[in-house]
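Open the model in your viewer and keep the selection tool at hand. The tour goes stop by stop.

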Amino acid sequence: MSEELSQLIVLFKDKKYLLAEKKCFNLIKKIKPNYEIFNIYAVILFELKKYDDAIKYCEKAIELNSQYHFGYNNLGNIFLKKKQFKEALNSYEKALGIKPDYYEAYHNKGNVYSKTNDFSNAIKNFDSALKIKGDYLPSLKGISDLYIKQKNFSKAMPVLDKILIYEPNNINAYIQKADILCEKNFLKEGIENYQSAYDLNPEHPFLLGDFIH
């Protein structure tokens with residue numbers, strides 16, 4: 001089984017989801033029920049946009065192991081994709097009930113609130129993720145985007161600086177900093193950040209126009 005599982009993981013990493021689906025389904029038929037295999041199959045089905053089937057196999061995984069926080073988190077991700085926000089939040093809460101330091105679940109809760117325009121709760125949950133893992137880039141990006149939407153530039157800037165510490169080639173962070181600095185009339189500093197973005201990728205959409213403007 002280990003060889004077949006290794007082949008399955010390679011197919012998944014290579015994004016050959018149709019082949020991975022077939023191999024995983026055959027593996028499920030050959031072995032006794034296994035919650036981790038069910039979860040892998042659910043993730044593959046998710047990537048193939050077979051969301052209802054993915055939900056079914058996530059639930060099968062959780063039936064076999066009621067303390068399987070990954071299963072609840074993945075179930076939440078499927079509900080989020082289907083825009084069933086209440087069900088998504090409920091799944092993430094269950095994951096956090098099992099593993100209170102599960103920063104990915106806090107981040108995913110933040111995504112739900114962000115998509116429903118509840119920015120206060122979105123920021124709260126992104127912040128909870130960052131209190132557990134301060135360099136978690138998805139939450140840093142999520143919280144900076146929300147601060148920018150709210151025009152809370154004084155809070156956005158230090159987050160953007162932190163993103164660039166962990167991801168120094170992040171063009172969008174440089175552009176967002178440049179936009180803020182130019183809006184606040186710090187033109188020299190804004191141009192420097194546009195220049196940094198331009199040096200990374202001169203072909204980035206709209207960048208040259210913004211730079212010239």
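Is Lys141 buried, partly exposed or exposed? Lys141 counts as partly exposed, because its relative accessibility is 31%. Here buried means under 20% relative accessible area, exposed over 50%, and partly exposed in between, with a 1.4 Å probe and protein chains only.

Before going on, note that this is a predicted model: local features need pLDDT of at least 70, side-chain atom pairs count only at pLDDT 80 or more, and totals for chains, interfaces and linings use all residues. Residues are numbered from 1 along each chain as its sequence is written, and side-chain values use heavy atoms, with hydrogens and water left out.

**Stop 1: Lys141 and Glu167**

A salt bridge is a side-chain nitrogen of Lys or Arg within 4 Å of a carboxyl oxygen of Asp or Glu. Lys141 sits in helix H9 (residues 137-149) and Glu167 in the loop between helix H10 (153-166) and helix H11 (171-183), so the pair ties together parts that are 26 residues apart in sequence. Helices are DSSP runs (H or I, at least four residues), numbered from the N terminus. Glu167 counts as partly exposed because its relative accessibility is 25%.

**Stop 2: Lys151 and Glu183**

Select Lys151 and Glu183 next. Their salt bridge has its closest N and O atoms 4.0 Å apart. Lys151 lies in the loop between H9 and H10 and Glu183 in helix H11, so this pair joins parts 32 residues apart in sequence. Both Lys151 and Glu183 are exposed.

**Stop 3: Glu4 and Lys30**

Now select Glu4 and Lys30. The closest N and O atoms of this salt bridge are 2.7 Å apart. Glu4 is in helix H1 (residues 2-13) and Lys30 in helix H2 (residues 17-30); the pair links distant parts of the chain, 26 residues apart. Glu4 is partly exposed, at 22% relative accessibility. Lys30 is exposed, at 58%. Across the whole structure, a search finds eleven salt bridges.

**Stop 4**

Go to helix H5 (residues 69-81) and pick Asn73. Asn73 counts as buried because its relative accessibility is 6%.

Key:
Helices (H or I, at least four residues) and strands (E, at least two) are DSSP runs, numbered from the N terminus.
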